[in-house]
Amino acid sequence: MALLEVRNLVKRFGGLVATNDVSLTVEKGSITGVIGPNGAGKTTLFALISGFHTPTSGDILFEGRSIVGLKPYDLCRLGITRTFQVVKPFAGKSVLYNAMVGAFVRTNSTAEAERIALDVLRLTGLYEKRDVPAKSLTIVDRKRLEVAKALATRPKLLLLDEVLAGLTPREVTEAVELVRTIRAQGVTILMIEHVMQAVMALCERVHVIHHGEKIAEGTPAEVTRDEKVIQAYLGEKYAAAGSQ
Ligand SMILES: Nc1ncnc2c1ncn2[C@@H]1O[C@H](COP(=O)(O)OP(=O)(O)OP(=O)(O)O)[C@@H](O)[C@H]1O
């Protein structure tokens, strides 16, 4: 049984169909990618899986059970946690405090929350900065904190929404290693990503979304050879990269 199964998912906002009959599965222990042009509907798909939006129709199964209608907090407790593209920490609070907020999903004990938070700060390379206010972190450290907060909820399925955007090539390499380490700890990962080098390095399977629809699925090598994907997304990306 797949850890996550999305079946014929549709989400309309008024007349706009943001998600149009999308089906996909995510196997336990895998790293799965979601790619596609800006506005394709990737973040909406994450918002549906994580309970921030309710689907217009279709079903979402987690560990074989429908989760449609459950709220983000309940889904977090079940083991589904997402990061946000635009990171919004409690800016004046310390890095440790921010990470502890996630841990309180699992425990009422402050000492236990602190233990979990310190654990994830070590993993994400933020331990030395635990007492610094979140607002004084660099972009890459804010992204790390977003991942740390999510990990502190002890997810089974972690949804990463463009965590590599805005990072330098060296930071991307470090982040790729971090994603591998997280998976090695038994966390299944579904990631929206535009940095194709990271998608190629990390993902076993990739789903390609365009105008709300899934237009292709396969290994990174397969989808990057797919004519529909090149036309809808990669052509535009490579053309942009070539013109820089
Ligand atoms: N709450 C909303 N109300 C109305 N329209 C929305 C809402 N959320 C998203 N949309 C629309 O749905 C479409 C898909 O948006 P979405 O943010 O999911 O795309 P995306 O693939 O994540 O894009 P990006 O890569 O730029 O983040 C867009 O046309 C967007 O304007």
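## The shell around the ligand

By class, the residues around the ligand are four nonpolar, seven polar and one charged. Here Ala, Val, Leu, Ile, Met, Phe, Trp, Tyr, Cys and Pro count as nonpolar, Asp, Glu, Lys and Arg as charged, and the others, Gly among them, as polar. The shell consists of F13, L16, A18, G36, N38, G39, A40, G41, K42, T43, T44 and Q85. α1 gives the most, with three. Helices (H or I, at least four residues) and strands (E, at least two) are DSSP runs, numbered from the N terminus.

This is a predicted model, in which local features need pLDDT of at least 70 and side-chain atom pairs count only at pLDDT 80 or more, while totals for chains, interfaces and linings use all residues. Residues are numbered from 1 along each chain as its sequence is written.

## The sheet

Six strands form an open sheet with mixed pairing, in the order β6-β7-β8-β3-β9-β10. Two strands pair if DSSP finds at least two bridges between them. β6 (80-82) and β10 (213-218) stand at the edges with a single partner strand each, so one side of each has no neighbour in the sheet. From one strand to the next, the twist averages 20°.

β9 (residues 205-210) and β10 run antiparallel and are joined by five bridges. In one of these strands, β10, A216 is the bridge partner of V208. Helix α1 (residues 42-49) lies across β3 (31-35), β6, β7 (157-161), β8 (188-192) and β9, at about 150° to β7. Axes are lines fitted to C-alpha atoms, for helices over the stretch in contact, and angles run from 0 to 180 degrees between N-to-C directions.

## Helix α9

E227 is found in helix α9 (residues 227-242). E227 is exposed (12 or fewer other C-beta atoms, placed from the backbone, within 10 Å), with 9 such atoms in that range. E227 and A216 are eleven residues apart in sequence and 9.8 Å apart in space, C-alpha to C-alpha.

## Two domains

The chain is divided into domain 1 (28-79 + 155-244) and domain 2 (88-154). These bounds come from an automatic or database domain assignment. Taken over C-alpha atoms, the domain centres are 23 Å apart.

Eleven residues of domain 1 are in contact with twelve of domain 2. Contact means C-beta atoms, placed from the backbone, within 7 Å. On the domain 1 side, α2 (72-78) and α6 (169-184) each supply at least two residues. The largest share, four residues, comes from α6. That side divides into seven nonpolar, two polar and two charged residues.

Technical notes: Two residues are in contact if their C-beta atoms, placed from the backbone, lie within 7 Å. A residue is buried if 20 or more other C-beta atoms lie within 10 Å of its own, exposed if 12 or fewer, and partly exposed in between; C-beta atoms are placed from the backbone. A residue is near a molecule or strand if its C-beta atom, placed from the backbone, lies within 6 Å of it.
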